[in-house]
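Please look at the sequence and the model, then read the sections in order.

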Amino acid sequence: MNATQSRKGRIAEAFSSRAGVYDRSADLQWLIATRLAERIEPARFVYRPRILEIGCGTGFLSSHLKKAFPAADFVLTDVAPSMLDRCRQRVGRGPRYRLLDGERPLGLPCSFDLIVSSLAFQWFDDLGAGLDRLRDLLAPNGRMMFATLGCKTFAEWRDAHAACGFDCGTPDYPSMETFPWPAERGRLEEELVRQTYPSGHDFVKSLKALGAGEPILGHRPLPAGAFRRLLASLERGFTATYHILYGEIRR
Ligand SMILES: C[S@@+](CC[C@H](N)C(=O)[O-])C[C@H]1O[C@@H](n2cnc3c(N)ncnc32)[C@H](O)[C@@H]1O
């Protein structure tokens with residue numbers, strides 16, 4: 001297994017290990033799935049659309065879409081087995097459930113009217129290549145609609161590291177300008193959502209509770225003393241920005 005594969009394995013394992021408690025810590029993820037669902041207007045699609053979801057997690061977006069598209073043919077996928085199991089429990093019979101790395105969507109037909117994803121693409125190793133492969137799965141006139149993280153996400157966490165002279169393990173997310181796609185085929189909008197925590201420590205705990213603590217490839221965790229120093233600088237409260245990019249890509 002090479003280093004990239006093992007990062008993906010760690011991501012899958014981390015989400016799987018938190019699947020039973022994910023929903024309790026996932027207010028923001030619920031909010032974004034709801035906002036994304038509101039953008040997906042059923043009237044724009046055929047009566048019985050074929051819908052593929054990437055990174056369905058415990059089924060926040062899937063459950064919204066199941067109501068909005070009662071006749072749709074769904075394929076719900078995730079890279080973490082236990083997240084997929086929770087999704088099956090929430091959404092129930094009807095959809096097909098597939099364990100799948102959304103960045104390498106092998107064995108799927110190229111016939112989806114709609115491909116959706118809420119807060120999963122930020123885990124891709126190569127977002128541009130992953131989006132290209134997914135776009136190839138769209139039927140003529142098909143659309144991909146997603147929410148993912150943008151470059152201002154966790155700016156405060158990066159600043160706190162810089163102030164202490166430490167490297168930060170938060171991945172470099174794209175901006176509106178650097179988003180890796182053919183812009184003539186897409187549309188991108190952004191939103192900033194801020195969450196306040198009693199301390200930096202609570203922020204870290206909340207990410208771990210979701211299974212979302214995996215740093216960028218090659219990042220070496222701070223030594224315990226340095227981490228304590230970092231958290232000591234954030235004891236009086238911590239606000240984290242989530243920079244959400246809502247995208248739409250046409251075939
Ligand atoms: C933050 S959760 C979001 C889950 C759900 N969409 C929601 O809104 O609650 C991210 C999900 O993406 C999944 N994921 C991460 N990398 C993935 C990949 N390469 N392919 C498919 N799913 C992936 C994780 O297992 C996890 O379930």
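## Overall fold

The model is predicted. Its chain has eight helices and seven strands. The radius of gyration is 18 Å, close to the 18 Å that the globule rule gives for 251 residues, so the chain is as compact as a globular protein of that length. The C-alpha trace spans about 55 × 40 × 35 Å along its principal axes.

Buried residues make up 36% of the 251 in the chain. When contacts between residues at least 6 apart in sequence are taken, 78% of them join residues at least 24 apart.

## Surroundings of the ligand

The ligand is surrounded by 25 residues, and the closest are Gly55, Gly57, Gly102, Ala120 and Trp123. By type, the shell around the ligand consists of 17 nonpolar, five polar and three charged residues.

Three helices, α1 (3–18), α2 (27–39) and α3 (60–68), each supply at least two residues of this shell. Which helix gives the most to the shell? That is α1, with three residues.

## Helix α3 and its cover

Helix α3 supplies residues to the ligand shell and also has a buried part, made up of Phe60, Leu61, Ser62 and Leu65. An α-helix has 3.6 residues a turn, so residues three or four places apart point the same way.

The buried residues of α3 are covered by elements that include the helices α2 and α4 (81–91). Strands β1 (50–53), β2 (73–78) and β4 (112–118) are also among the elements that cover them.

## The nonpolar core

The largest nonpolar core has 50 residues. Those with the most contacts inside this core are Leu36, Ile51, Leu61, Ala80, Ile115, Val116 and Met144. Strand β5 (residues 138–149) provides the largest share of the core, six residues.

Leu61, one of the residues with the most contacts in the core, is also one of the buried residues of α3. Ile51, another residue of that group, is in contact with Leu65, Phe69, Ala72, Asp73, Phe74, Phe112, Asp113, Leu114 and Val116, leaving aside its neighbours within four places in sequence.

## Strands β4 and β5

Nine of the twelve residues of β5 are buried, so this strand is largely enclosed by the rest of the structure. Strands β4 and β5 pair in the parallel sense over six bridges. Within β5, Arg143 stands opposite Leu114.

Arg143 can also be placed relative to Arg44: the two are 99 residues apart along the chain, and their C-alpha atoms are separated by 10.0 Å. Arg44 is found in the loop between α2 and β1.

## Two residues with positive phi

Leu119 lies in the loop between β4 and α5 (127–135). Its phi is near 55°, a positive value in a residue other than glycine. Leu119 is buried, because 24 other C-beta atoms lie within 10 Å.

Phe154 is in the loop between β5 and α6 (155–164). Phi of Phe154 is near 60°, again a positive value in a residue other than glycine. With 21 C-beta neighbours inside 10 Å, Phe154 counts as buried.

Definitions and conventions
Residues are numbered from 1 along each chain as its sequence is written. This is a predicted model: local features need pLDDT of at least 70, side-chain atom pairs count only at pLDDT 80 or more; totals for chains, interfaces and linings use all residues. Helices (H or I, at least four residues) and strands (E, at least two) are DSSP runs, numbered from the N terminus. The radius of gyration is taken over C-alpha atoms; the globule rule is 2.2 Å times the number of residues to the power 0.38. A residue is buried if 20 or more other C-beta atoms lie within 10 Å of its own, exposed if 12 or fewer, and partly exposed in between; C-beta atoms are placed from the backbone. Two residues are in contact if their C-beta atoms, placed from the backbone, lie within 7 Å. A residue is near a molecule or strand if its C-beta atom, placed from the backbone, lies within 6 Å of it. Ala, Val, Leu, Ile, Met, Phe, Trp, Tyr, Cys and Pro count as nonpolar, Asp, Glu, Lys and Arg as charged, and the others, Gly among them, as polar. A nonpolar core is a set of buried Ala, Val, Leu, Ile, Met, Phe, Trp, Tyr and Cys residues joined through C-beta atoms within 7 Å. Two strands pair if DSSP finds at least two bridges between them.
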